[in-house]
Amino acid sequence: MKRDTAVEFIRGQLGRYLENRGISTSDSFPCLNPLHAEKEIQSMRFNEKRNRVHCFGCGVDYDIFDVIRVLEDISDREAVFRRACELFDVVVDEDEQTVPEAWPLYEGLRERREAMMRRRGAVDYTEYFKACAKRIGEINYLHQRGLSDEIIQWAGLGYDPNYTRGTGGKVWKAVIIPKNKSGFIARNTDTASNERYRKTGPNSIYNAIAIKNAQQPVFVVEGELDALSVMEVGGDAVALGTTSNINKFIELLKTCRPKHPLLIAMDNDSQGRSASRELQIALKQMDIPFYCVNLTGPYKDASEALVEARDGFRTVVMENESIEEPAWEVDKEGYLQNSMLNHIPAFIRGINTSVHASVIPTGFAKLDAVLDGGLYEGLYIVSAAGSLGKTTFVLQMADQIAAGKGGTAEKGGTDVVFFSLETGRSALMAKSISRITFEKAMQQSAEVKLAKTARAISTGRRYTSYDQEEIDLINEAIETYKTYAGHVYISEDLGDIGVTDIRKMVDKHIRFTGRRPVVIIDYIHRLSPYDERMNDRQNTNKAVLELKRISRDFKVPVVAVSGVDSVDGGTYAYASPGEMKELGAIEHSSDVLISMQLAGETYSDIESAHPIRSIELVILKNRYGKAGDTLSYRYHTMYNCFEE
């Protein structure tokens, strides 16, 4: 068989080869590229028409020879071909055994692999940079742009007279601007060409280290040569590289907050002004000090200003004579928007929308009466000392909301997203079923001893000692639980979830189900820190503020449990406004603040074996209703049930 014929035949066998390797050709499968890190993602598919596999993650596109090379770890291309012939019983004419130098199978393979490695930051261009730096004396381009030998050497700038990467085969005489060891900018020195730049490697902010190390305000400019122009006259600067990198710059600022104000100095054109505006708004939201600087005067950008008016440019950079007041334009517009006249339309829309919004009963009749029918959009804090049953209480509330208890039968239950940061999903389910066995035993006037504790339900070996009546009660409780369990969503990310994760989960729930849930967090102090640099109190305050925002943004009730300490071994209560103020954001940001406390017992009694405890809920704060009411409950500790 002729070699060309053999190659075409073998290429048509890719589907057969994949199936023989246990890879389905009708479904997506993990990428075969050994450099693709996310192996658990099904990102590659077989295209029968093209007889190739393509990864929609890293972009590799393999035919059968590539696949054999990767899966069977064969590096020599002739060996790959021989292996393919062996697999498919192909015999090639003896005079065509040698692989041609430009065998089309491997054309572009090296370039594709290198491009992929560049995207992952895996290519080290250090030696290339050194070679280009040695040739920098061959051109005068950078001196003409106003840059001195000192700044050229500091930045490691170089020259490649035969640059072709990404140029479509054209040869550039290019200045090479290193960004890091894995990425650089190639600047075409041909001023007559419309093609000026080519970027290689990870998309990053140029001289980003200045944000961390600068001892003075840092200029934020567009191009790398603009940043070097600022540094040429004694300033410090970072370059976005492109105005589309604003989000990347904001992400950098989240991890590295600047020590000094930022000086926004985008290009003097419509695109630069738009980018400047967008950046101002983002910095204002992050509360990062900044100034708007007229760095370019009548010129397009900092690089041109350095060439055309070096002394004036130096003056602007060094003395900041043209700095405007901080964000006056943005502040003015934002302030004027505070006029209540601007908010009347939204207020009316809110009234109209509220016609269709309904209260969500908690299923605790007395509590619902105090809360004007139940839960509304807002932040509800249930605060209690340890071992008082706060998890059990909010879990029972969740079940009753999901079951529609207290509402109309036609409406059914409401979804609940329950973030459990201390107790596992199975343990919570056992608690719920335990409570149902107790409630059913009481309803059926059966002996209470038929009801089962959570441990008695979840421990399988105990079932051998149960009589049929007990087993029937458990099964009946499970069937009851099934009727509303579809409305309960429990996240048990113990210690690994923060308020940002909660926001994402609530957003996902609404988008996936089309329903707005009640959100329950058990409990605030177990949330992952919002900022590792904050102390515990600061992180708790921040978490409360963010939960309030989640309630507002998604129009959902948020119920969060908060722990407190007992007072002198006695009953915990917030006896004075001063003690309430000690709660910080918990008191200030909550719409309803409920204290759970013992009634008629001291805190030290809680460790004793009391199967039934007297618990009081004190409404310390009710933003839209009456505060000060005390509600009494009987807490059946063995069966995880609160009775009003």
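## Buried helix α10

A residue is buried here when its relative accessible area is under 20%. The model is predicted. By that cut-off, the buried residues of helix α10 are Glu224, Leu225, Asp226, Ala227, Leu228, Ser229, Val230, Met231 and Glu232. The helix covers residues 224-232, and nine of its nine residues are buried, so α10 is largely enclosed by the rest of the structure. Gly234 follows α10. Its phi is positive, near 105°.

## Helix α18

Helix α18 runs over residues 390-403. At 1.5 Å a residue, its 14 residues should span 20 Å. After α18 comes Gly404, with a positive phi near 75°.

Two contacts involve residues of this stretch. Lys390 lies over the face of Tyr523, at 5.7 Å from the ring centre. Phe393 pairs with an aromatic ring in a strand, as described below.

## Aromatic pairs

The structure holds 18 aromatic pairs. One of them joins Phe65 and Phe81. It is stacked, at 6.2 Å centre to centre and 25° between the planes. Phe65 sits in helix α3 (residues 64-71) and Phe81 in helix α4 (residues 77-87). The two are 16 residues apart, and the pair links distant parts of the chain. Phe65 has a relative accessible area of 0%, so it is buried. Phe81 has 1%, so it is buried as well.

Phe393 and Tyr633 form an edge-to-face pair. The centres are 5.8 Å apart, with 80° between the planes. Phe393 lies in helix α18 and Tyr633 in strand β19 (residues 630-636), so the pair ties together parts that are 240 residues apart in sequence. Phe393 counts as buried because its relative accessibility is 1%. Tyr633 counts as buried because its value is 3%.

## Cluster and charge over a ring

Some rings form a group. Tyr125, Tyr128, Phe129, Tyr163, Trp172 and Phe184 make up one aromatic cluster.

Arg187 lies over the face of Tyr197, at 4.9 Å from the ring centre. Lys390 over Tyr523, at 5.7 Å, is another case.

## Cavities

Rolling a probe the size of a water molecule over the atoms shows where empty space is left. The structure holds two cavities of 30 Å³ or more.

Ala210, Ile211, Ala214, Gln216, Val218, Pro258, Lys259, His260 and Leu262 line it. This lining divides into six nonpolar residues, two polar and one charged.

Key
Residues numbered from 1 in each chain as written. Predicted model: local features only at pLDDT ≥ 70, side-chain atom pairs only at ≥ 80, totals over all residues. Heavy atoms only, no water. Helix = DSSP H or I, 4+ residues; strand = E, 2+ residues; numbered from the N terminus. Expected span 1.5 Å × (residues − 1). Phe/Tyr/Trp six-rings, centres within 6.5 Å; stacked < 30°, edge-to-face > 60°. Buried < 20%, exposed > 50% of the residue type's maximum accessible area, 1.4 Å probe, protein only. Lys NZ or Arg CZ within 6 Å of the ring centre and 35° of its normal. 1 Å grid on protein atoms, 1.4 Å probe; cavity = no way out; pocket = protein on both sides within 12 Å on 5 of 7 lines; lining within 4 Å. Points joined across faces, edges and corners; volume = space filled by probe spheres on them. Nonpolar A, V, L, I, M, F, W, Y, C, P; charged D, E, K, R; others polar.
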